[in-house]
Amino acid sequence: MTYEVYVEAIPSRVWELVTDIHLPARLSPELQRVEWFDGADELAKGASFLGYNSHPRIGEWRTASYVTELDQERVFGWVVTDVDGMFAGPDGAGRADVSSPAATWRFELEPEGAGTRLRQTVRVGPGRSGLSLVIDQAPEHEEQIVESRLGQLRSHIESVLDGIKALAENRTP
């Protein structure tokens with residue numbers, strides 16, 4: 001799923017915002033806070049950060065995200081894993097399985113006129129996530145559960161991108 005907005009700001013300003021790993025927690029109803037993880041303290045390919053989340057149906061959980069794409073002022077991508085084994089179990093090394101993420105997220109920036117076209121994409125799976133737990137409880141309603149979750153994710157993406165747009169354009173989000 002992809003959502004995009006046109007931002008009346010140059011790519012470097014938008015990039016500064018999308019690569020602030022703490023910003024989405026200010027703009028998203030589900031992500032509560034973020035912190036660097038596993039020795040990382042700045043954005044780089046391979047760096048990791050923890051996300052602390054809350055959802056009325058699933059409760060609270062944390063994830064580990066690993067930066068997989070980083071192309072200056074163009075692409076920032078990461079995979080989200082189940083670091084604590086709440087949904088699937090960590091691998092034998094105590095790290096989440098990055099080969100089967102719960103989700104893959106990506107920001108893309110493209111210069112457009114005097115501003116920037118900003119896209120955010122999420123792909124759920126192939127690994128287990130909170131969505132998997134809810135489906136496990138009512139497999140006969142899988143289609144409706146997935147549809148509902150995708151609607152929530154779209155709403156969260158819209159909140160984050162609209163907030164980034166407002167900040168980049170020097171408006172209050």
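**Close-up views of a predicted model**

**View 1. The open sheet.** Seven strands form an open sheet in the order β1-β7-β6-β5-β4-β3-β2, with antiparallel pairing. Strands are DSSP E runs of at least two residues, helices H or I runs of at least four, numbered from the N terminus; two strands pair if DSSP finds at least two bridges between them. β1 and β2 stand at the edges with a single partner strand each, so one side of each lacks a neighbour in the sheet. This is a predicted model: local features need pLDDT of at least 70, side-chain atom pairs count only at pLDDT 80 or more, and totals for chains, interfaces and linings use all residues. Residues are numbered from 1 along each chain as its sequence is written, and side-chain values use heavy atoms, without hydrogens and water.

**View 2. The β5–β6 pair.** Six bridges join β5 and β6 in the antiparallel sense. W78 stands opposite W105 in β6.

**View 3. The largest nonpolar core.** A nonpolar core is a set of buried Ala, Val, Leu, Ile, Met, Phe, Trp, Tyr and Cys residues joined through side-chain atoms within 4.5 Å. Of its 34 residues, V14, F107, L118 and I164 touch the most other members. α4 gives the largest share, seven residues.

**View 4. One face of α1.** P11, V14, W15, L17 and V18 are buried (under 20% relative accessible area; exposed is over 50%, partly exposed in between; 1.4 Å probe, protein chains only).

**View 5. S159 in α4.** S159 lies in helix α4 (residues 142–168). Its relative accessibility is 29%, so S159 counts as partly exposed.
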